[in-house]
Amino acid sequence: MNEARLVTPAMVALWLVLASVPLWVERAGLHEYLGVEILIWSIFALAFNLLLGTAGLISFGHGAYFGVGAYALGLAQFNLSGNLWICLGTAILAAGLAGVLVGLFISHRRGIYYAFMTIAFGQIFWTVAIKAYRITGGEDGLLKIARPPADFGFAAFDLGDNVALYYFVLAVFAVVVVALWRLVHSPFGRVLAAIRQSETRAAHLGYPVWRYKLAAFIISAAVSGLAGALFAMAQRSAFPDVMAVNQSGLIVMMTLVGGGLVSFWGPVIGVVLFLVSRDVIGALTFSWMLYFGLVFMAVVLFKPEGIAGLAQDWMKRWRR
Amino acid sequence: MASLIEAQGVHVRFGDRVVLEAIDLEVAEGELHGIMGPNGAGKTTFFNVLTGRVKPSRGRIRLGGEDLTGLAPHQIARKGVARSFQIMTLFDEFTARDNVMTALPAFRTRGFDMRHAVAGDRALAEEADALLAEVGLAHRSAVAAKQLPYGERRALEIAVALAQRPRVLCLDEPTSGLGSDGKQRLLELVRRIRARLTIVAIEHEMDFLFSLADRISVIHWGQVVARGTPRELQANEWVRRSNLGRFA
């Protein structure tokens with residue numbers, strides 16, 4: 001049974017496909033940096049979907065934690081240490097702490113009030129990033145963020161090249177996938193899924209619901225921060241725009257279109273579709289977002305379970 | 001018999017509306033205590049106070065001498081109070097087995113375990129299956145709760161409550177929506193489990209309640225207006241004069 005496995009055949013197949021991307025991506029007319037972006041946004045989307053798909057909690061301000069991770073990596077590099085692991089650890093910690101701060105305020109809320117509170121806090125983080133010029137560089141952002149080498153003690157790998165960075169991010173992606181897969185299928189993940197279906201019933205079974213919601217929010221924020229840190233490395237800078245409400249909306253859209261509500265892999269499907277559409281349709285027309293928006297509307301209207309839901313329906317029919 | 005539940009002067013008001021007014025009610029250990037009364041009398045509100053969903057404006061609730069007043073629902077559940085709901089509340093996407101498993105105290109103590117897979121735990125699955133067998137749902141363990149017929153969902157709700165290993169089981173209109181066959185099956189199920197539990201049941205189905213209950217309290221206008229054994233209630237002047245008398 002796949003749920004009991006730490007590594008599933010689907011994961012191995014996906015990693016093998018992803019490992020081959022640098023070999024053919026340019027021949028397909030795409031840039032290898034797109035692969036880096038897809039992996040980073042996939043980490044972000046999987047973290048986001050721990051809240052949306054597993055716990056049923058919608059955050060419209062999740063870009064804030066992605067941004068906190070990006071800034072924390074840059075600031076740690078400038079002020080603390082140039083060591084990659086220290087910088088990534090600082091980013092995870094900073095985003096996790098931001099998650100604690102916000103989670104304490106919102107975890108007693110549910111439904112629309114929960115969602116609105118996430119927007120409000122997201123806007124606070126975004127405003128701070130713009131206004132705290134001396135720390136964040138304001139709208140100019142943090143520039144000249146380096147890509148420190150990945151030093152494993154016995155060997156160090158230079159990440160200056162996009163292909164090297166791609167394989168490093170792929171390794172991080174693999175670790176995140178395994179960790180979140182296990183978490184979602186653990187007792188903790190089961191309780192989150194129970195809370196999604198009925199907070200009231202979960203509470204009357206003896207579960208302190210708000211503590212589970214808080215823990216889920218902190219983990220989701222911390223992993224989003226890791227994605228943000230990798231993004232800062234990838235673009236060698238950190239800007240406030242990733243914390244803006246429209247950016248937070250994009251991750252919601254990608255996750256829903258992909259099918260995060262019914263599948264662990266839904267967010268990854270959504271990210272691939274979104275970013276490849278951006279590059280392919282975006283090369284043809286500036287209004288590519290219009291077409292993606294139409295896809296989003298079609299999904300909401302006709303198949304709220306998204307592409308993964310559609311695939312599951314086909315699989316069921318095929319098995320009959 | 002010693003009292004397991006003691007409600008003393010429980011008073012609840014929502015805004016300017018008094019819903020419960022100085023309710024005094026005792027339930028003895030091992031007793032099946034029925035609560036009856038017309039719609040809007042305050043029966044479910046009393047359950048909500050007992051299980052922590054509503055905090056009383058005044059008064060106290062004790063379980064085995066321990067004060068439960070003002071505790072959150074999860075704290076009261078952990079002290080051994082399980083409940084069913086008037087509007088059935090299950091984890092609809094979970095299978096029957098997963099619904100029961102999630103309610104087991106052994107599962108609850110591992111609630112923050114993020115390192116082990118649930119699917120690999122046979123002991124929990126077997127414990128859940130045994131409870132499903134007890135309520136006649138052994139053959140339905142792998143079926144999603146939302147796909148079960150209404151009567152089986154009611155039985156599953158009781159299995160979920162039993163899985164909590166409660167000291168007190170609160171049933172809020174358990175026969176609601178059931179046909180005569182379903183009621184008969186539920187009656188037999190409650191008869192089987194009552195020997196090892198204290199049960200408090202709100203019920204409109206008077207045949208059901210009068211054939212099972214050791215004692216019954218009648219709540220009306222937010223007050224206990226009559227109480228006693230089914231036989232005593234049948235002789236109670238107030239009950240005879242009221243609309244409820246036609247059932248008693």
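**Entry 1. Helix α5 of chain B**

I began with the packing of α5(B) and noted that its buried residues pack against α3, α4 and α6 (150–163) of chain B. The model I am reading is a predicted one.

I then asked which residues of α5(B) are buried. I recorded B:L124, B:A128, B:L131 and B:L132. These residues lie on the same side of α5(B), because they cover an arc of only 100° around the axis. On the other side of α5(B) I found B:R122, B:A123 and B:E126 exposed.

I next checked the length of the helix. Helix α5 of chain B runs over residues 122–134, and at 1.5 Å a residue its 13 residues should span 18 Å. I took the distance between its end C-alpha atoms, and the 18 Å found there agrees. After α5(B) comes B:G136, for which I noted a positive phi, near 80°.

**Entry 2. The sheet with β1 of chain B**

Four strands of chain B form an open sheet in the order β2-β1-β4-β5, and the pairing is antiparallel. I noted β2 and β5 (66–67) of chain B as the edge strands, since each pairs on one side only. As background, I kept in mind that strands of a sheet pair through backbone hydrogen bonds, either parallel or antiparallel.

I went through the sheet pair by pair.

- Strand β1 (residues 3–14) and strand β2 (residues 17–28) of chain B are antiparallel, and I recorded eight bridges between them. For B:F14, I found the bridge partner B:R17 in β2(B).
- β1(B) also runs antiparallel to strand β4 (residues 58–63) of chain B, to which five bridges join it. I noted B:A7 opposite B:I61 of β4(B).
- β4(B) pairs with β5(B) in the antiparallel sense, over two bridges. B:R62 has B:D67, in β5(B), as its bridge partner.

What does the turn between β1(B) and β2(B) look like? I found two residues between the strands of this hairpin, and B:G15 takes a positive phi there, near 65°.

**Entry 3. Chain B as a whole**

I counted the secondary structure of chain B as ten helices and ten strands. Along its principal axes, I noted that the C-alpha trace spans about 60 × 40 × 35 Å.

I also looked up burial and contacts. Of the 248 residues of chain B, 44% count as buried. Among contacts in chain B with a separation of 6 or more, I recorded that 67% come from residues 24 or more positions apart.

**Entry 4. The contact between chains A and B**

How many residues does each chain bring to the contact? I recorded 27 residues from chain B and 23 residues from chain A. On the side of chain B that touches chain A, α2 (73–78), α3 (96–103) and α4 (105–108) each supply at least two residues. I noted α2(B) as the source of the largest share of this side, with four residues.

Helices α3 and α4 of chain B supply residues to the side that touches chain A, and the buried residues of α5(B) pack against α3 and α4, among other helices.

Methods
Residues are numbered from 1 along each chain as its sequence is written. Chains are lettered from A and ligands numbered from 1 in the order in which they are written. This is a predicted model: local features need pLDDT of at least 70, side-chain atom pairs count only at pLDDT 80 or more; totals for chains, interfaces and linings use all residues. Two residues are in contact if their C-beta atoms, placed from the backbone, lie within 7 Å. The expected span of a helix is 1.5 Å times one less than its number of residues. A residue is buried if 20 or more other C-beta atoms lie within 10 Å of its own, exposed if 12 or fewer, and partly exposed in between; C-beta atoms are placed from the backbone. The arc is that of the directions from the helix axis to the C-beta atoms. Two strands pair if DSSP finds at least two bridges between them.
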